[in-house]
Amino acid sequence: MLRYVLDIVGKAGHETEFYQAGGKPVRGCLGCAVCWDKPGKCVQDDWINEIYPKMKEADAIIIGSPTYFADLTAEIKALIDRTGYLAMGEGGTLRRKIGAGVTAVRRAGGVHVLDSIQHFFLIQGMILPGSTYWNLSVACNPADFEADDEGLRTMANLADNINWLLEKLN
Ligand SMILES: Cc1cc2nc3c(=O)[nH]c(=O)nc-3n(C[C@H](O)[C@H](O)[C@H](O)COP(=O)(O)O)c2cc1C
C-alpha cells in the first residue's frame with residue numbers, strides 16, 4: 001500500500017524514499033527527556049536515530065502499520081513516541097509537514113490504527129490530507145490489496161491529495 005502511494009507521488013515528480021520499521025530492533029521511549037536537554041539524538045542509539053533526520057528533511061511523511069489487536073505494531077509505536085519527543089525537544093521540527101497514515105487490516109480495528117498515527121501528526125502541528133475513505137485496505141497480503149478496488153482508489157486519491165498539497169505548500 002505504501003509503495004502504491006509512493007509510486008503515484010513519485011510519478012508527479014516528487015522524490016520518494018521507503019523505509020521498513022518492521023523487524024528493526026527498536027526500543028520503546030524511556031521518557032528520560034534527555035533529548036529535550038541535548039536535542040537531536042536519542043540516548044538509545046538504534047535505527048530511530050537514523051530515521052529521525054530523514055523525517056526532518058521530508059516535506060511529507062506517510063506512516064503505515066498493519067493492524068495488530070486494533071492498534072499499531074510495536075516498531076511503529078516506538079517510532080512515533082521517540083521521534084515525537086525528539087521533534088518536540090528541538091522546538092517542533094515536524095511542524096507544517098504533510099502527514100498521512102495507512103493501514104492494512106484483516107477484518108476490524110484499522111480505523112483505530114489511523115487514529116493513533118493521526119494523533120501523532122496532529123500534536124506535531126502537521127497538515128493532514130484526506131482521501132475518499134479512511135486510508136485502509138482489507139488485506140492480509142499484497143494480492144488482497146490488489147483486488148480491493150476501493151482500497152486502491154482510496155490510496156490513489158490520498159496520493160493525489162498529497163501531490164496537490166505538496167505543490168501548494170512549495
Ligand atoms: C499480532 C497480530 C494482531 C492482529 N490483530 C488484528 C486485528 O486486531 N484486527 C484484524 O482485522 N486483523 C488483525 N491481524 C491481522 C493483520 O492486520 C493482517 O494480517 C494485516 O493485513 C497484516 O499486514 P502486513 O502484511 O503488512 O503485515 C493481526 C495480526 C497479527 C500478527
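## Close-ups of a predicted model

The buried residues of H7 pack against helix H1 (2-11), S1, S2, S3 and helix H6 (142-146). Here "buried" means 20 or more other C-beta atoms within 10 Å of a residue's own, "exposed" means 12 or fewer, and "partly exposed" is in between, with C-beta atoms placed from the backbone. Contact means that two such backbone-placed C-beta atoms lie within 7 Å. Helices (H or I, at least four residues) and strands (E, at least two) are DSSP runs, numbered from the N terminus.

This is a predicted model, so local features need pLDDT of at least 70 and side-chain atom pairs count only at pLDDT 80 or more, while totals for chains, interfaces and linings use all residues. Residues are numbered from 1 along each chain as its sequence is written.

View 1. H7 runs over residues 149-169. The buried set in H7 is Gly151, Thr154, Met155, Leu158, Ala159, Ile162 and Asn163.

**View 2. Helix H5, with its buried residues on one side.** Buried here are Gly110, Val113, Leu114, Ile117, Phe120 and Phe121. They cover an arc of only 120 degrees around the axis, which puts them on the same side of H5; the arc is taken from the directions from the helix axis to the C-beta atoms. Their cover includes strand S1 (60-66), helix H4 (74-89), strand S2 (98-105) and strand S3 (136-138). After H5 comes Gly125, with a positive phi near 75 degrees.

**View 3. Strands S1 and S2, side by side.** These two pair in the parallel sense over seven bridges; pairing requires DSSP to find at least two bridges between the strands. Ile62 stands opposite Ala100 in S2, and Ile61 has Gly99 as its bridge partner. Five of the seven residues of S1 are buried, so S1 is largely enclosed by the rest of the structure. For S2 the tally is eight of eight, so S2 is largely enclosed too. Both faces of S2 are covered, with Ile98, Ala100, Val102 and Ala104 buried on one side and Gly99, Gly101, Thr103 and Val105 buried on the other.

**View 4. Zooming in on Thr103.** This residue sits in strand S2 and counts as buried, with 27 C-beta neighbours inside 10 Å. Pro66 is 37 residues away along the chain, yet the C-alpha atoms of Thr103 and Pro66 are separated by 5.2 Å. Leaving out residues up to four places away in sequence, Thr103 touches Gly64, Ser65, Pro66, Thr67, Gly110, Val113, Leu114 and Leu136.

**View 5. The shell around the ligand.** There are 13 residues around the ligand, and Pro66, Ala104, Arg106, Arg107 and Gly109 come nearest; a residue is near if its backbone-placed C-beta atom lies within 6 Å. By class, the shell has nine nonpolar, two polar and two charged residues. Ala, Val, Leu, Ile, Met, Phe, Trp, Tyr, Cys and Pro count as nonpolar, Asp, Glu, Lys and Arg as charged, and the others, Gly among them, as polar.

**View 6. Two alanines with positive phi.** Ala33 has a phi near 60 degrees and lies in the loop between H1 and helix H2 (34-37). Ala33 is exposed, with 11 other C-beta atoms within 10 Å. Ala70 has a phi near 60 degrees and lies in the loop between S1 and H4. Ala70 is partly exposed, with 13 other C-beta atoms within 10 Å.

Definitions and conventions
Expected span 1.5 Å × (residues − 1).
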